[in-house]
Amino acid sequence: MKLLRATLLRLLTMSVTLIGVAVVVFFVIRVVPGNPIAMMLPPGATEDDVARLTALYGLDKSIVEQFVIWLGGVLQGDFGTSISLRQPVMPLVLGRLPATLELAIFALVIAVIVGGALALTGVRHRETRTETAVDVANGVGLSIPDFLWALILIVLFGVLMPIFHISGRISPSLDLPFVTQFYVFESVARLRFDLWWDLLKHMFMPALALAIPLAAIISQLLKQSLKETMHLDYVTLSRTKGYSENHVILSEALPNAMLPTLTLIGVQFTFLIGGTVIIERLFSYEGLGNMAIDAVINRDLPLIQGIVIVFALLFTIINLLVDMMYAVLNPRLRHA
Amino acid sequence: MLDGRGSVKRRLGARLWLSGAWLGLMAVLALLAPWISPHDPLAQDLFAGRLPPFWVTGADPAYFLGTDSLGRDVLTRILYGARIAFSVALVAGLATALVGSLLGLLAGYMRGWVDVAISRLVEIWMAFPPVLFAILLIAVMGTGLTSIIIAIVVIDWTRFCRVVRAEAMNQSAMDYVSSAIVAGRPRRDILCREILPNVLPTIVALLTLEMGIAVIVEAILSFVNLSISTDAPTWGGMIAEGRTSIHQAWWVLAFPLGVLFLTVLSFSQFGEGLKDRFDPVLR
């Protein structure tokens with residue numbers, strides 16, 4: 001009963017947040033001075049043409065009226081028609097979302113592996129130069145945002161040592177058999193590892209740029225929790241039992257030290273997804289973020305709204321999942 | 001134990017000094033840019049396009065760090081770019097700190113419906129991808145320095161608000177605040193003279209971090225061509241130009257990128273260093 005009420009309350013605040021986002025973005029972009037209709041017509045268009053198209057996209061009505069109509073459509077899954085691409089918004093957004101999700105998940109995997117390895121190395125060799133090196137790496141990783149890491153990676157591995165692709169999602173010369181937009185997953189399912197490898201070679205640089213700051217955060221927090229756990233009695237006990245230091249860290253301390261880091265990863269993952277917007281632009285990666293920047297430049301109001309709402313929905317869902325995961329993993333909450 | 005603390009202290013000191021020195025140097029160079037720059041930042045010389053930096057063969061010593069595709073001097077544009085970067089950092093950083101801290105103090109001290117309203121607003125703001133929000137705002141307001149500063153304040157006030165709110169709540173629960181209430185002092189007086197001075201170190205440390213973020217945001221906006229004018233010498237604009245000609249002239253990208261890297265790193269390390277300096281345990 002209590003759980004049900006908590007869940008309902010949670011869903012209610014989620015919808016309040018989403019409606020808030022919708023209101024903010026809807027009214028902010030309607031203060032735009034540029035006329036999107038004028039931009040899409042050829043130079044010889046008459047006043048009449050402008051008026052007809054304005055009416056077609058509903059831009060002649062009052063802002064409040066437009067909002068009510070738009071919200072009504074959104075609740076039925078209809079986000080309107082893109083002005084610049086002249087296609088329904090929802091299929092466009094859903095067509096690009098998988099590329100962004102694959103990039104974000106790949107980045108998350110890199111961040112967890114690198115961050116975890118750094119933290120474990122730092123704890124294994126604590127109070128030595130190795131730990132200092134880990135601390136310095138964490139400090140630098142945290143101070144520099146993904147945008148700068150991306151540029152540094154472009155200079156280092158795109159130009160000086162051209163090992164990886166620095167532009168696009170997949171080599172354009174390849175024949176694509178895909179029916180879904182989840183290229184990485186589908187290439188594995190089809191056992192087409194040549195395509196899979198090409199995709200990874202394109203994704204590695206942008207994913208690494210997104211991963212470095214998160215890896216530093218993971219490493220810092222996990223190392224701190226591990227060091228605190230290492231002083232607890234049960235860890236000392238297992239050490240006196242004669243277990244090796246590696247066993248003590250991995251099997252005794254790690255399971256208990258992981259929880260705060262897991263929660264943090266969830267929150268930080270939403271920041272990482274927010275970072276894909278500019279990173280996709282830098283690497284000409286055809287995801288949702290790249291499309292969003294084009295939409296803003298083209299003043300494509302329906303498309304901007306659709307993309308922002310989808311991002312906001314993604315963020316709130318991730319936050320919800322994190323809270324649920326926390327409730328499942330935390331023994332104190334599980335038995336409450 | 002004493003030795004351990006000593007070494008921690010020495011490391012903190014070095015971090016604060018090094019980052020402070022770099023920021024000071026850049027600030028001085030930015031101020032003096034019109035007098036020390038070897039060239040005009042906008043002057044194009046199409047016969048001197050894409051000249052490499054001085055140590056590469058084919059370089060012209062008059063263009064110390066080389067030129068971009070339009071023959072503009074890279075060093076000069078970095079120096080003038082510092083003026084824009086530091087102006088944005090200072091003004092946007094202070095304005096963001098002011099707005100965010102004020103709302104955070106109100107939410108943390110007043111509690112009740114004020115807190116609920118402000119916290120709800122923060123939650124809505126956190127559901128926006130910040131870069132997209134920034135680009136959207138610039139598209140709405142038009143390009144220019146003022147628009148960039150406003151966009152940074154509108155997006156990043158939540159950073160101060162969340163931290164200051166939590167800190168104000170901690171301070172409000174302390175005995176010295178209770179005794180001030182018992183003494184019958186007015187609420188505004190308690191907020192300004194008791195709580196604010198204790199929250200101030202946190203705000204100052206956050207401010208330096210925010211200045212680094214402001215420099216990055218300006219660079220990102222220049223990069224997507226939404227900052228000032230495409231001609232203006234901004235670090236982000238130089239980076240954007242360099243990104244397109246990276247295989248022909250790596251220096252157009254590498255030098256502004258290096259300066260931007262060191263500046264952002266310094267702002268962040270300076271902020272972290274200040275935070276530790278204010279920390280009574282380490283002091």
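Axes are lines fitted to C-alpha atoms, for helices over the stretch in contact, and angles run from 0 to 180 degrees between N-to-C directions. Helices (H or I, at least four residues) are DSSP runs numbered from the N terminus. The model is predicted: local features need pLDDT of at least 70, side-chain atom pairs count only at pLDDT 80 or more, and totals for chains, interfaces and linings use all residues. Residues are numbered from 1 along each chain as its sequence is written, and chains are lettered from A and ligands numbered from 1 in the order in which they are written.

**A helix pair in chain B**

In chain B, helix α6 (residues 175-182) packs against helix α7 (residues 187-223) at about 155°, and their axes are 11 Å apart. The pair is therefore roughly antiparallel (an angle over 145 degrees). Residues are in contact if their C-beta atoms, placed from the backbone, lie within 7 Å.

| Helix | Residues in the contact |
|---|---|
| α6(B) | B:Tyr176, B:Val177, B:Ala180, B:Ile181 |
| α7(B) | B:Ile190, B:Glu194, B:Ile195 |

**Chain A against chain B**

Between the chains, 33 residues of chain A are in contact with 28 residues of chain B. On the chain A side, α7(A) gives the most, with seven residues.

**Helix α4 of chain A**

After α4(A) comes A:Gly77, with a positive phi near 85°.

How values were computed. Helices (H or I, at least four residues) and strands (E, at least two) are DSSP runs, numbered from the N terminus. Two residues are in contact if their C-beta atoms, placed from the backbone, lie within 7 Å. Angles under 35 degrees count as roughly parallel, over 145 as roughly antiparallel, 65 to 115 as roughly perpendicular and the rest as oblique.
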